[in-house]
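User: Got a structure I'd like to go through with you. Can you take a look?

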Amino acid sequence: MTIPELQTAIIASSTPSQALSIFYKFCGSFGVNSNAPPEWWTKINELTEEKKAA
């Protein structure tokens, strides 16, 4: 994913958590956060988890 593709995807996202998820996937493709502790991933999952309507 290129920077312009990232920007387009974030602009097109419909929720903050969707935008964060796109951004973190982009970062992960470059190895960013690859050595993060488990707590980091737990928090990122909490922030990017889409809430499903009941």
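Analyst: What follows is a short chat about the fold, the surface, the rings and the charges. Note that this is a predicted model.

User: Fine. How many helices and strands does the chain have?

Analyst: Three helices and zero strands. From the N terminus on, the order is α-α-α.

User: And what box do the C-alpha atoms fill?

Analyst: Roughly 35 × 30 × 10 Å, taken along the principal axes.

User: What share of the residues is buried?

Analyst: Buried residues make up 20% of the 54 in the chain. The chain exposes about 4200 Å². Carbon and sulfur atoms supply 62% of that area.

User: Switching to rings. How many aromatic pairs are there?

Analyst: The structure holds three. One of them joins Tyr24 and Trp40, with ring centres 6.0 Å apart.

User: Is that pair stacked or edge-to-face?

Analyst: Edge-to-face, because the planes of Tyr24 and Trp40 stand at 90°. The cut-off for that class is over 60 degrees.

User: Where do the two residues sit in the chain?

Analyst: Tyr24 is in helix 2, residues 16–28. Trp40 is in helix 3, residues 38–48.

User: Is Tyr24 buried or partly exposed?

Analyst: Partly exposed, at 21% relative accessibility. Buried would need under 20%. Trp40 is also partly exposed, with a relative accessible area of 30%.

User: Which other ring does Trp40 pair with?

Analyst: Trp41. That pair is edge-to-face too, at 6.5 Å centre to centre and 85° between the planes. Trp41 has 36% relative accessibility, so it counts as partly exposed.

User: Which residues make up the ring cluster?

Analyst: Ring pairs link Phe23, Tyr24, Trp40 and Trp41.

User: How many salt bridges does that give?

Analyst: The count comes to one. Glu46 forms it with Lys43. Their closest N and O atoms are 3.9 Å apart, and the cut-off is within 4 Å.

User: How far apart are Glu46 and Lys43 in helix 3?

Analyst: Three residues, so about one helical turn separates them.

User: And is Glu46 buried or partly exposed?

Analyst: Glu46 is partly exposed, with a relative accessible area of 46%. Lys43 is partly exposed as well, with 45%.

Conventions. Residues numbered from 1 in each chain as written. Predicted model: local features only at pLDDT ≥ 70, side-chain atom pairs only at ≥ 80, totals over all residues. Heavy atoms only, no water. Helix = DSSP H or I, 4+ residues; strand = E, 2+ residues; numbered from the N terminus. Buried < 20%, exposed > 50% of the residue type's maximum accessible area, 1.4 Å probe, protein only. Areas by Shrake-Rupley, 256 points an atom, 1.4 Å probe, with all protein chains shown as cover. Phe/Tyr/Trp six-rings, centres within 6.5 Å; stacked < 30°, edge-to-face > 60°. Salt bridge = Lys/Arg side-chain N within 4 Å of Asp/Glu carboxyl O.
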